[in-house]
Amino acid sequence: MRKVYLDYSATTPVKEEVVGEMLPYFTEIFGNASSIHGFGQEAKSALEKARTNIAKTLNTSADAIYFTAGGSEADNWALKGVMHANKAKGNHIITSVIEHHAILHTCEALEKEGVEVTYLPVDEQGRIDLNALEAAIRPTTVLISIMYINNEIGTMQDVKSIADIAHKHGVLFHTDAVQAYGNVKIDVQALGIDLLSVSSHKIYGPKGVGALFVRKGVRIHNLIKGGAQEKKRRAGTENIPGIMGFAKAAEIADAKLEEHVEKLTNLRERLVKGILNGIDYVKYNGHPTFRHPGNVNVCFEFIEGEALLLSLNAKGIAGSSGSACTSGSLDPSHVLLSIGLPHEIAHGSLRLTIGDFTTEEDVDYTIEALKEVVQKLRVMSPLYDRVKGGAK
Ligand SMILES: *Cc1c(COP(=O)(O)O)cnc(C)c1O
């Protein structure tokens, strides 16, 4: 049976070149980068080369890059670290209702400590209102944290304007750029970003590695306490193979950015067109153009997202759904509800995310499979029957 992976926003396969880059660091160059001897120093010099390469992709200097164990840690660190280090200035954060749980749950934890959080709403396409953002700023606002690209509906925010507003009021700006990195050119200087989170396994690198960019001069407390690694800011023996793989993946992504974006955008438009033309009662979510090049998020009326996923899986197609039945909750995704979708529509959501190994044949196969599966599932829906009957 054909296998079609369309869940690149959940994670990506590690590219061959990336695996090749990592291998020597498990067996030959295995030293602890903190050791004085040659084994350690060899590892240390590789680590610093990786840091420089990651820095280049963001147009910053190596000393602003701190390696973490992934995007979630970078998000936790940015928020907790900045709020704890800037208590003299204030206790207020502004974020949005559609952030990743690494941000939202960290905000909830901070609220328990007395931090005040403003959760900005988004419009139907998933974008925050810049006037509402500016109006939410208080004298006590320390940090604005708004994600660059949303992981569910793919909507991109106007990061440059958000940074400008933050700085006009002396507020720091953090962005969760996990979905943006490798899919849009990120120049932290030109954009005016103070802190930025990235993750390796979303850009064809290994899992469990990421980085936090911290602009020089930003006050931030440590999240992980212990040894003196990462200029005494992030303790723990460095994951050198992971970091080497991450840097290689970032280098490839940066070098091939234009062709990657063009390829994904073309496949995305092909998939969207196929779905919208071939199936009725379907809604395309997110922003039509200001979005992740490979993200397709659609809602099929009269269908349960989970049932759809299982039927697609039976045809070898891997996607994801915005309703969280698997996680023990019957509530649809907070993102889909935030863009104003009613519960029953949000329940029929499907996220298909395209990546570097997706082909036109994969897309066409998926369109045909979707037509068949949606039709089959709707035959079982009494509501669909009534609507169709009424329409005739
Ligand atoms: C995947 C993801 C994260 C978490 O990154 P991990 O490396 O898996 O911890 C955070 N934010 C967004 C937007 C993501 O897509």
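Start by selecting helix α11 (257–278), which gives the most to the lining of the second largest pocket, with four residues; helices here are DSSP runs of H or I with at least four residues, numbered from the N terminus. Before going on, note that this is a predicted model, in which local features need pLDDT of at least 70, side-chain atom pairs count only at pLDDT 80 or more, and totals for chains, interfaces and linings use all residues. Residues are numbered from 1 along each chain as its sequence is written, and side-chain values use heavy atoms, with hydrogens and water left out.

Next, show the pocket itself, which holds about 370 Å³ of space. A pocket is an open set of points on a 1 Å grid over the protein atoms alone, where a 1.4 Å probe fits, with protein on both sides within 12 Å along at least five of seven lines, and its lining residues have an atom within 4 Å of a point. Of the 27 lining residues, select Lys 15, Tyr 204, His 260, Gly 355 and Asp 356, the closest to the centre of the pocket.

A polar side-chain atom of Asp 176 lies 2.7 Å from a ligand nitrogen atom, whereas His 201 places a polar side-chain atom 2.8 Å from a ligand oxygen atom.

Technical notes: Points joined across faces, edges and corners; volume = space filled by probe spheres on them. Helix = DSSP H or I, 4+ residues; strand = E, 2+ residues; numbered from the N terminus. Polar contact = N/O pair within 3.5 Å; in protein donor to acceptor, adjacent residues only side chain to side chain.
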